[in-house]
Amino acid sequence: MFGLKRGVALAEPVAHVDVRFATARDIQQMLEIELLSFDRPWNRLDFMLAMRQEGVAAVTAELGGAVVAYAVITQRARHTEIWNLAAAPHLRRRGLGRTIVERVQASAGRLAPLRAIVSERNLVGQLFFKALGFRATKIIRGYYARCGDDQDAYRFVWKGN
Ligand SMILES: CC(C)(COP(=O)(O)OP(=O)(O)OC[C@H]1O[C@@H](n2cnc3c(N)ncnc32)[C@H](O)[C@@H]1OP(=O)(O)O)[C@@H](O)C(=O)NCCC(=O)NCCS
């Protein structure tokens, strides 16, 4: 994943935060953050099934031995998608999301472009991806219709430096 073998450091280490591939043992802590982060959160089974899929990697940021942020990344035919991303609410705006996404960007290489889908109501998510060099390239009408929600979504794309 990311052109690297599992267990190999993704990029330069960041002080105090350990970024590593997630394992099934991390799901409980990821779930706790997930439930505090989304209106339609993934459940345990969603994480388990996603992380078992070919071409999917989950990455966590750990602080003092606790998972404080994570991303689930999936490799599609022509792009790599940040499928899920969240930071613990009490530690937001302290660079955790940036640390994880910059590691993915640094490791993306042949996997670029990176994409993320963000709800039209998630202004923080939009500002976050914009700050990380992503650009909104498409409005996806009715993206959440299958959940009975009429909001649209934006596709954000990062094509590399
Ligand atoms: C989006 C999210 C992952 C960002 O994580 P974070 O660790 O708080 O973000 P960072 O501290 O790394 O912020 C990086 C940059 O994004 C922008 N940003 C992040 N949060 C912001 C906010 N609340 N308001 C404005 N800009 C913000 C800023 O430019 C920030 O850089 P700066 O602090 O130097 O100005 C976090 O808010 C979150 O978990 N939200 C809920 C889940 C979600 O929306 N996920 C993304 C869509 S899948």
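## A tour of the chain, sheet and ligand shell

Among contacts in the chain with a separation of 6 or more, 57% join residues 24 or more positions apart; two residues are in contact if their C-beta atoms, placed from the backbone, lie within 7 Å. This is a predicted model, in which local features need pLDDT of at least 70 and side-chain atom pairs count only at pLDDT 80 or more, while totals for chains, interfaces and linings use all residues. Residues are numbered from 1 along each chain as its sequence is written.

**Whole chain.** Colour by secondary structure: there are four helices and seven strands, in the sequence pattern β-α-α-β-β-β-α-β-α-β-β. Helices (H or I, at least four residues) and strands (E, at least two) are DSSP runs, numbered from the N terminus. Of the 161 residues, 29% count as buried, a label for residues with 20 or more other C-beta atoms within 10 Å of their own; 12 or fewer is exposed, in between is partly exposed, and C-beta atoms are placed from the backbone.

**The sheet.** Select the seven strands, which form an open sheet in the order S1-S2-S3-S4-S5-S7-S6 with mixed pairing; two strands pair if DSSP finds at least two bridges between them. S1 (17-21) and S6 (135-140) are the edge strands, each with a single partner, so one side of each has no neighbour in the sheet. From one strand to the next, the twist averages 25°.

Next, show S6 with S7 (153-158): the two run antiparallel and are joined by five bridges. Arg135 stands opposite Val157 in S7.

**Helices on the sheet.** Select H1 (27-35), which packs on the sheet, touching S3 (66-75) and S4, and makes about 90° with the direction of S3. Then take H4, which lies across S5 (114-119) and S7 and runs at about 160° to S5. Axes are lines fitted to C-alpha atoms, for helices over the stretch in contact, and angles run from 0 to 180 degrees between N-to-C directions.

**Leu36.** Go to the loop between H1 and H2 (44-52), where Leu36 is found. Leu36 counts as exposed because it has 12 C-beta neighbours inside 10 Å. Its C-alpha atom is 9.3 Å from that of Ala86, 50 residues apart along the chain.

**The ligand.** Finish with the 18 residues around the ligand, of which Ala87, Arg92, Gly97, Arg98 and Ala131 come nearest; a residue is near a molecule if its C-beta atom, placed from the backbone, lies within 6 Å of it. S4 (80-87), H3 (96-108) and H4 (123-131) each supply at least two residues of this shell, and H4 gives the most, with five.
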